[in-house]
Amino acid sequence: MAEELSCTGLKVLVAEDTPVGQKLMKALLQAFGCVADVVANGREAVEKVRENDYDVVLMDIMMPVMDGLHATRAIRASGNDTLPIIALTAAVTKEDRERSRAAGLNDFLPKPVDGRQLKEKIAKWGHASLGSPPPSGTEK
Amino acid sequence: MKLNRQEALAELQIPEELYDELLHDLVDNTESALARLEGALGANDFDQVAALAHMIKGSAATLRVEKIRAIAEDLEADGRSNGDGTEIEKHMVELKSALEELTALIS
């Protein structure tokens, strides 16, 4: 279960526009043993993904300059269809989910973020990205 | 103002020192956003009002500071509905007051 999850060494990109959210996510991910990069909007996320090899992307949906849906579409349109991209969003209605999946997002993490849920999602999708079996006890 | 510190720490799973540091960041960032909100309101830039309120709402929600989150949510709705200036001013006054309460709590 959660205490067995390992995120050590996973490379994670966080696209999040608020300074408080950025600092929190970076601290949590580093505490999990991840290597974390943080950007402030979708356009920067697209550039970072182009330049780096990440295991998981955490993508806020509502951001200035370029929102998370547009950024995800751009990443998928560039041919990167295997990178796990998890939506960070307070809005998780059925319509939001359908719109997000259509854009190419793989999963959701509700905001405000819960540290345990974050670790579960990172471990699950990070292992999927690396080709190893997902840890048991995680929910999609 | 009620600040449910233990619940926040349990959910966030971060050390108390980091939580306190983030609360101070929230105060600083919200003070800065309030100054920009005044400018946006003066320019009738309601998109900017909504964007700044959204940022405050998200930061406060992250740290489980419910009172500030709720006021910022109202302010964001004001901006998205293109603006009743009186309502925006009222919510900005409430936000300043809540920020003073939070500042007193964490000082």
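How many residues does the contact take from chain B and from chain A? In this predicted model, the contact (heavy atoms within 4.5 Å) takes 19 residues from chain B and 13 residues from chain A. Local features need pLDDT of at least 70, side-chain atom pairs count only at pLDDT 80 or more, and totals for chains, interfaces and linings use all residues. Residues are numbered from 1 along each chain as its sequence is written, chains are lettered from A in the order in which they are written, and side-chain values use heavy atoms, with hydrogens and water left out.

**View 1. Area buried between chain B and chain A.** About 1,400 Å² is buried here, and carbon and sulfur atoms give 65% of this area. Buried area is the accessible area (1.4 Å probe) that two parts lose on being put together, summed over both. In chain B, the residues that lose the most area to chain A are B:Q13, B:L22 and B:T62, together 27% of what that side buries.

**View 2. Polar and charged pairs across the interface of chain B and chain A.** The rule finds 2 salt bridges across this interface, a salt bridge being a side-chain nitrogen of Lys or Arg within 4 Å of a carboxyl oxygen of Asp or Glu. A salt bridge joins the side chains of B:E21 and A:K23 (2.8 Å, N to O). On the side of chain B that touches chain A, the elements giving two or more residues are α1 (5-12), α2 (16-42), α3 (46-62) and α4 (66-80) of chain B. Helices (H or I, at least four residues) and strands (E, at least two) are DSSP runs, numbered from the N terminus. With 6 residues, α2(B) gives the most to that side.

**View 3. The open sheet of chain A.** In chain A, 5 strands are arranged in the order β2-β1-β3-β4-β5, with parallel pairing; two strands pair if DSSP finds at least two bridges between them. The edges are held by β2 (35-39) and β5 (107-110) of chain A, each with a single partner strand, so one side of each has no neighbour in the sheet. Neighbouring strands of this sheet are turned by 20° against each other on average, direction ignored. Strands β3 (residues 56-60) and β4 (residues 85-89) of chain A pair in the parallel sense over 4 bridges, and A:M59 stands opposite A:A87 in β4(A).

**View 4. Helix α1 of chain A on the strands.** Helix α1 (residues 19-31) of chain A lies across β1 (11-15), β2, β3 and β4 of chain A, and runs at about 170° to β2(A). Axes are lines fitted to C-alpha atoms, for helices over the stretch in contact, and angles run from 0 to 180 degrees between N-to-C directions.

**View 5. The salt bridge of A:E16 and A:K111.** The closest N and O atoms of A:E16 and A:K111 are 3.2 Å apart. A:E16 lies in the loop between β1 and α1 of chain A and A:K111 in the loop between β5 and α5 (115-130) of chain A, so the pair ties together parts that are 95 residues apart in sequence. The peptide bond from A:K111 to A:P112 is cis, with omega near 0°.

Methods
Polar contact = N/O pair within 3.5 Å; in protein donor to acceptor, adjacent residues only side chain to side chain.
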